[in-house]
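This briefing treats salt bridges and surface features in turn. Please consult the sequence and the model shown here.

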Amino acid sequence: IITKMGVEFLPEKEISNIYTHSGLQLNNFEHYEFTPSKPIDVDGVKIYLSFLPGMQIDLSEISVVKSKLTETIPISNISATSESAYITNDKNEYLSFLILNEENEILKIKFKDKISLVNKIILKIKISKLDLANNSLCK
């Protein structure tokens with residue numbers, strides 16, 4: 001079941017706050033907003049997911065809201081790691097994470113530079129079910 005995801009702002013704190021977003025949509029790029037309880041300095045995010053295996057997460061844009069100013073962080077200015085997902089990069093247009101395990105997944109997105117006094121982060125993400133099948137079942 002694909003119902004929600006959580007985001008933790010980096011750098012990690014002694015007591016972590018995970019902000020959740022419910023009502024995820026499939027097969028379209030959607031904007032998911034995460035707002036800390038007060039403005040904070042951020043150098044990345046951890047995205048917590050609990051999906052079935054065979055999912056693809058495409059990240060095309062990260063926007064950071066500071067006061068009334070919105071700044072878009074280019075995909076080329078971030079680095080990404082994961083617990084077990086495969087990561088592909090489509091010529092700096094977006095990052096794709098292929099989730100093939102049934103375990104919980106953590107995607108870690110680090111920005112090139114720290115950003116001060118962030119009010120909100122908006123992730124433009126597409127969540128898709130991969131069209132995978134076991135060949136032995138298709139005979």
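In which loop is the place of L100? L100 sits in the loop between strand 9 (95-99) and strand 10 (105-118), strands being DSSP runs (E, at least two residues) numbered from the N terminus. The model is predicted: local features need pLDDT of at least 70 and side-chain atom pairs count only at pLDDT 80 or more, while totals for chains, interfaces and linings use all residues. Residues are numbered from 1 along each chain as its sequence is written, and side-chain values use heavy atoms, with hydrogens and water left out.

**Salt bridges**
- The structure holds three salt bridges, each defined as a side-chain nitrogen of Lys or Arg within 4 Å of a carboxyl oxygen of Asp or Glu.
- E12 and K46 form a salt bridge (2.8 Å, N to O); E12 is in the loop between strand 1 (4-10) and strand 2 (18-22), K46 is in strand 4 (residues 40-49), and the two are 34 residues apart.
- K120 pairs with E33, the closest N and O atoms being 3.3 Å apart; because K120 lies in strand 11 (residues 120-129) and E33 in strand 3 (residues 29-34), this pair ties together parts 87 residues apart in sequence.
- D43 and K110 meet in a salt bridge (3.2 Å, N to O); D43 lies in strand 4 and K110 in strand 10, so parts 67 residues apart in sequence are tied together.

**Accessibility**
- K46 is buried at 15% relative accessibility, and D43 is buried at 14% (buried: under 20% relative accessible area; exposed: over 50%; partly exposed: in between; 1.4 Å probe, protein chains only).
- E12 is partly exposed at 46%, as is L100 at 42%.

Conventions
Helices (H or I, at least four residues) and strands (E, at least two) are DSSP runs, numbered from the N terminus.
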